[in-house]
Amino acid sequence: MYKFLFCFPIIIVLCGYILWLFIKHSKDRRKIAEAIREWEMTFDAIEDGISIHSINFVIVEANVALCKLLGKTKEELIGKKCHEVFHHRCSHISSCPLDKAKNSRGDESLEIYEPVIDRWVTISVYPVCDREGKFTRAIHVMRDISERKRLEQMRDEFVSTVSHELRTPLSIVREGVSQVSDRLHGEINPKQEHLLSISLSNIDRINRIVAELLDLSRLEAGKLVLKKESIDLVKLAREVVLSFRLLAEAKKIELRQHFPEGTLEGYLDKDKITQVFANLIGNAIKFTEKGFVEVIVRDKNDYIECVVSDSGIGIPEEGIPELFSKFRQISRQSAPGEKGIGLGLVITKSIVELHLGKIWVESKLGEGTKVIFTLPKGSVIYNI
Amino acid sequence: MADKKRLLLVEDEVDMQEMVRMRLEASGYEVLVASDGQEALDKAHQEKPDLIILDIMLPKMDGYKVCGLLKADARYNKIPIIMFSARAQDQDKVTAQEVGANDYICKPFNPKELLEKISNLLQNR
């Protein structure tokens, strides 16, 4: 009996402890359930289409926005392979960012037109690793960019139409001024001639801007089709360098060239690559006050490497990434001579990339600039 | 030179027509003008010019059609034709060749280039 009385408080304490554990546990459970609910609501509230994929391309989770974008229910997506529902294909596409992320272990993205849903989308893939660093899951974000694409297309069409319409009146004005300046209709005095020559050079400046805009709008609309043929790049580069001889001599700049002996065949669009060399050499001379401009063409076995370097004013480090963006001209004030609107390098980059080459810039302020680009060799047909 | 060479200039833009006509006349040519495709064809038939400078975008009938019709006709197919256009796309040059044009020049045109092309074609006749 005493024993029982002795045990009683212990039993009470024990019961209390169990009760407390029980309450705490259900509170935790409620908290976890709440967190899951919050996460699910957040997941579904995001306007981008998000899904979670296994590394074998199987969709394990999808949000409402993705279902809406694809016009499918969650049940129709989960458990399926992503290429089946996204692209209606039985294997992943060659530019699949998830496939790339498996190799690179980093974030990958892609801009693509999806014919299945008739939308332009960007697809971003973010790998998720477990505690051991093993790639287990991937977050797949699909954003509808059709509206942006539509606006870009409108802008490109506008630029193309306007620049096209400008050409005719411009050539009429140019012809009128140049006839008077050529004395086709009688003598003119030196002052008149001076004024006309200033007018002419500025009409030519507008013409160049219009031509650049047209080039760019064609490149962006994907309407520029390369006319590739096997050509000797050494001969081409030599001819372009020769055409700049006078300009370089006038500025007392040494124009150097280093080309391999013999020929170096590339499978290229002759006019477009001439434009690339002319643009880069023209730029180099424009931004160099004294010293040299050097053009190198090298055989790198698998590809051809071309370098245009100068001892000019150089580019500040933070300016390099901006070089290839539209309408930028670094140190505008110190660029005499033929003025453009900074589209030359954008066009150059597009042309090199259309040839499946790469282009980059190395430069230091005050120490000159080096532009390097690569081009495919021979008559190899590359598949993208 | 006994006679002035006669050129037919086909251009629908009045100001452009005037400018090119003055340039050609100053270089010693006699210039006939037409402003649309049909007129170009009629004038070519009536006047048998020594050379035709033909714009591509024309009312009524485009320059390619005019060129094609003239080149298909044995009475006129010896007349050299220079296509003249603001469209500098490669495809236009190819089409110009396909319809039998002898040369092609883009706007904004270089007067020296135009005159050289004209005199070359006239000499080769």
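**Entry 1: strands of chain A**

I looked up A:Val121 and found that A:Val121 stands opposite A:Asp144 in strand 5 of chain A. The model is predicted, so I note that local features need pLDDT of at least 70, side-chain atom pairs count only at pLDDT 80 or more, and totals for chains, interfaces and linings use all residues. Residues are numbered from 1 along each chain as its sequence is written, and chains are lettered from A and ligands numbered from 1 in the order in which they are written.

Strand 4 and strand 5 (residues 135–144) of chain A run antiparallel and are joined by 9 bridges. I take strands as DSSP runs of E of at least two residues and helices as runs of H or I of at least four, numbered from the N terminus; two strands pair if DSSP finds at least two bridges between them. In this hairpin, with 5 residues between the strands, A:Gly133 has a positive phi near 85°.

I then turned to strand 3 (residues 108–114) of chain A, which pairs with strand 4 (residues 119–129) of chain A in the antiparallel sense over 7 bridges. A:Ser109 has A:Ser124 in strand 4 of chain A as its bridge partner. Between these strands lie 4 residues, and A:Asp118 takes a positive phi near 55° in the hairpin.

**Entry 2: chains A and B**

I found 13 residues of chain B in contact with 14 residues of chain A, contact meaning C-beta atoms, placed from the backbone, within 7 Å. Helix 1 (residues 14–26) of chain B gives the most to the side of chain B that touches chain A, with 6 residues.

**Entry 3: confidence**

I noted a mean pLDDT of 85 for chain A, with 92% of its residues at 70 or more; pLDDT is the predictor's confidence in each residue, from 0 to 100.

Methods: Two residues are in contact if their C-beta atoms, placed from the backbone, lie within 7 Å.
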